[in-house]
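Please go through the strand and helix packing of the model shown below, one question at a time.

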Amino acid sequence: MTEQVPDEVGVIGGGRMGAGIAHAFLGAGARVTIVEQSARAADVASERLRRIIDESARRAAGGAAPRFGSALDPAAGANGSSDVFERVSVVVGVDALATCSLVIEAVPEIAEVKLETLRLVEGVVGREATIATNTSSIAVAELAEALEQRDRFLGMHFFNPVPVSQLVEIVSGEATAAAVSAEAAGWVRALGKVPILVRDSPGFASSRLGVMLGLEAIRMLEDGVASAADIDAAMTLGYRHPVGPLRLTDLVGLDVRLDIAEYLAERLGPRFEPPALLRRLVAEGRLGRKSGAGFYDWSEENA
């Protein structure tokens, strides 16, 4: 039997990650509801999703191999973007998620915010719905404390930028039913991505390794070992990483990386203690690509 995604999917949070997740499920044929905090935020999320869809169409038109099935294929017609948007609702409030079979929270990497979001979601969805968190570091067991029914709760950690990233971590908590984890892995394959199954632990597999590399790169820059560009070149040219750790930190967001590092330092020890340089740049508002400056200058791209 061909694996397919749920008919109706909800995404809480229409930021870069949430919009990317919505794009992936739209590409696989689902109807998607994005929930935001305000009408203004909903407008911004809608425009962000439209840009992602248009960029995906331009990539495909330029000869790039399609990654997400045919639903976003520009060859389907000049009005492909508007056709896709017929399957999207961007709303304020979680009540619109009542009929969703899968809801993924993609709110900021702050435990208290995620816990409250999960409580709200469980209050409106059906008993058979799966609730997932896109957390990149917080233990699933810790977030499960917000829920009464934990057997259909798990982590689905997508990677930034979602449209071109192939990996999704499936994180099973102690209470997660094995059938739910298997079903989620099938959904990921239906998206044209590759699932990896990991045991619940702070930072899982990817963030523990990725954050550690990023923190050490920041310390090297702080110590004057080399420039940001040269440190990144050491990894892209020497180790064939697709992007260097400092540029990746700019893409993820320095504030996001700081939150993750602080959480991991608290749970796993001082090896994850954030460097002073990272704290200073965040305090100065240099958050990376989204603010126009981080370890690199992004002002022209944001113009």
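Two strands count as paired if DSSP finds at least two bridges between them; helices (H or I, at least four residues) and strands (E, at least two) are DSSP runs, numbered from the N terminus. The model is predicted, so local features need pLDDT of at least 70 and side-chain atom pairs count only at pLDDT 80 or more, while totals for chains, interfaces and linings use all residues. Residues are numbered from 1 along each chain as its sequence is written, and side-chain values use heavy atoms, with hydrogens and water left out.

Me: Which residue stands opposite Gly155 in E6?
Reply: Strand E5 (residues 130-133) pairs with E6 in the parallel sense, over three bridges. The residue opposite Gly155 in E6 is Thr133.

Me: In which sense do E6 and strand E7 (residues 167-172) run, and how many bridges join them?
Reply: In this pair Phe158 stands opposite Val168 in E7. The two strands E6 and E7 run antiparallel, and the number of bridges joining them is four.

Me: How many residues of strand E6 (residues 153-158) are buried?
Reply: Buried means under 20% relative accessible area, with exposed over 50% and partly exposed in between (1.4 Å probe, protein chains only). In a regular strand the side chains alternate between the two faces of the sheet. In E6, Phe153, Gly155 and His157 are buried on one side, and Leu154, Met156 and Phe158 on the other. The count of buried residues in E6 is therefore six of six.

Me: What is the angle between H7 and H10?
Reply: Two packed helices are described by the angle between their axes and the distance between the axes. Axes are lines fitted to C-alpha atoms, for helices over the stretch in contact, and angles run from 0 to 180 degrees between N-to-C directions. The axes of H7 and H10 are 11 Å apart, and the angle is about 110°. Because angles of 65 to 115 degrees count as such, H7 is roughly perpendicular to H10.

Me: Which residues in H10 meet H7?
Reply: Contact means heavy atoms within 4.5 Å. From H7, the residues involved are Ser207, Arg208, Gly210, Val211, Gly214 and Leu215. Their partners in H10 are Arg257, Ile260, Ala261, Leu264 and Leu268.

Me: How far apart are the end C-alpha atoms of H10?
Reply: The expected span of a helix is 1.5 Å times one less than its number of residues. For the 15 residues of H10 this should give 21 Å, which agrees with the model, where the end C-alpha atoms are 20 Å apart.

Conventions. Angles under 35 degrees count as roughly parallel, over 145 as roughly antiparallel, 65 to 115 as roughly perpendicular and the rest as oblique.
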